[in-house]
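Here is my note on the model, as numbered points. Please read it with the coordinates open.

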Amino acid sequence: MERSSLSATRRNVVAGTLTLAAAAAAVGGQPASAASKKKPQPVTSDSHNVTVSDGTRIFFKDWGPKDAQPIVFHHGWPLSGDDWDNQMLFFVGKGYRVIAHDRRGHGRSSQVSSGHDMDHYAADVAAVVEHLDLSNAIHVGHSTGGGEAARYTARHGKGRVSKLVLIGAVPPIMVKTPSNPGGLPIEVFDGFRAALAANRSQFYFDVASGPFYGFNREGVKSNDATIKNWWRQGMAGAANAHYLGIKAFSETDFTEDLKLIDVPTLVLHGDDDQVVPVADSAELSAKLLQKPTLKIYKGLPHGMATTHADVINADILTFIQA
């Protein structure tokens with residue numbers, strides 16, 4: 001997200017945000033190198049939940065024939081599996097089995113204090129996949145969910161994933177670093193954290209009514225129901241998970257994950273994405289993947305899977321049926 005798109009929100013940030021920052025640091029979890037060695041396995045389950053070994057309960061939806069080819073959807077920050085309603089209804093209508101989980105700390109999953117990093121996110125997906133015994137699956141990830149899907153595919157998906165779709169996805173890495181000079185400055189993400197801590201409800205409303213769907217662009221008609229649904233999903237999750245998740249989606253480097261992915265991968269991105277700029281994401285990811293197909297849509301926003309669902313659904317269907 002461009003720094004200018006947050007200027008109005010930042011003016012409302014109060015000094016008390018430092019308190020949450022300190023608290024977040026205290027529950028930030030273990031280093032990625034340690035987390036990557038841990039693979040939470042399902043220890044209990046029912047038809048809609050898996051509880052992994054660290055006690056976190058992961059909620060999931062599972063629709064369609066159990067013997068059909070599965071499509072697993074990975075949602076963006078700070079949303080839930082509900083963000084895929086349109087796609088799930090479309091693809092279950094085409095005869096697929098469709099699954100969407102709520103990431104830990106999001107939606108209906110446990111509001112836990114730890115594990116808000118990409119290694120745990122991917123391992124939680126692995127637990128759901130193993131519980132449902134999914135194979136020959138297509139994984140579809142949007143934004144943060146694109147990073148989660150990439151890490152899952154690279155580290156846990158061998159023999160289970162047949163194709164991958166990344167939509168407005170955060171890989172290879174969002175933040176500006178010496179090796180990623182085109183990334184967004186860390187101050188942008190510090191602004192996210194400050195705005196969330198000051199008034200999460202207002203921040204989520206501002207994001208949904210502005211840059212996420214491109215409703216801040218001249219000539220683009222806003223949609224109140226879409227804004228309220230985004231806000232509803234965000235507020236259903238935990239503030240700490242969302243706060244810590246900003247680091248997960250902005251600072252995780254997926255370069256090596258992308259290099260390892262050997263399944264056909266469709267990379268979709270709007271060239272007016274104000275949240276994840278296309279030049280430092282999709283265009284770079286396509287160069288790292290082994291079997292990429294890159295498609296960039298003129299004028300489409302970050303949330304194009306919602307605003308232009310008919311276009312995105314049709315292109316995904318063509319890709320997975322090829």
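1. Asn136 sits in the loop that runs between helix 5 and strand 6. This is a predicted model, and the backbone here deserves a look: phi of Asn136 is near 55 degrees, a positive value in a residue other than glycine. Asn136 counts as partly exposed because its relative accessibility is 42%, and the band for that class lies between 20% and 50%.

2. Asp133 belongs to the loop between helix 5 (118-132) and strand 6 (137-142). Its phi is also positive, near 55 degrees, and Asp133 is likewise not a glycine. With a relative accessibility of 57%, Asp133 counts as exposed, the cut-off for that class being over 50%.

3. One joins Trp77 and Pro78, with omega about -5 degrees; Pro78 is placed in the loop between strand 4 (70-74) and helix 4 (85-93). Another runs from Pro171 to Pro172, where omega is near 5 degrees. Pro172 falls in the loop between strand 7 (161-167) and helix 7 (186-209).

4. Pro172 comes up again in the second largest pocket, where it is one of the lining residues, together with Ile173, Thr177, Ser179, Asn180, Asp253, Thr255, Leu284, Lys287 and Leu288. The space in this pocket is about 150 Å³. Which helix gives the most to its lining? Helix 11 (residues 282-288) does, with three residues. By class, the lining has four nonpolar, four polar and two charged residues.

5. Helix 9 (residues 239-251) is kinked by about 25 degrees, and the kink is centred on Gly245. The 13 residues of helix 9 reach 19 Å from the first C-alpha to the last, close to the 18 Å expected at 1.5 Å a residue.

6. Which residues of helix 9 are buried? They are Ala241, His242, Tyr243, Leu244, Gly245, Ile246, Ala248, Phe249 and Ser250.

7. For the chain as a whole, the model has 13 helices and nine strands. Of the 322 residues in the protein chain, 56% are buried. Among contacts between residues at least 6 apart in sequence, 78% join residues at least 24 apart.

Note on methods
Residues are numbered from 1 along each chain as its sequence is written. This is a predicted model: local features need pLDDT of at least 70, side-chain atom pairs count only at pLDDT 80 or more; totals for chains, interfaces and linings use all residues. Side-chain values use heavy atoms; hydrogens and water are left out. On a 1 Å grid over the protein atoms alone, a cavity is a set of points where a 1.4 Å probe fits but cannot get out, and a pocket is an open set with protein on both sides within 12 Å along at least five of seven lines; lining residues have an atom within 4 Å of a point. Grid points are joined across faces, edges and corners, and a volume is the space filled by probe spheres set on the points. Helices (H or I, at least four residues) and strands (E, at least two) are DSSP runs, numbered from the N terminus. Ala, Val, Leu, Ile, Met, Phe, Trp, Tyr, Cys and Pro count as nonpolar, Asp, Glu, Lys and Arg as charged, and the others, Gly among them, as polar. The expected span of a helix is 1.5 Å times one less than its number of residues. The bend at a residue is the angle between axes fitted to the seven residues ending there and the seven starting there. Buried means under 20% relative accessible area, exposed over 50%, partly exposed in between (1.4 Å probe, protein chains only). Contact means heavy atoms within 4.5 Å.
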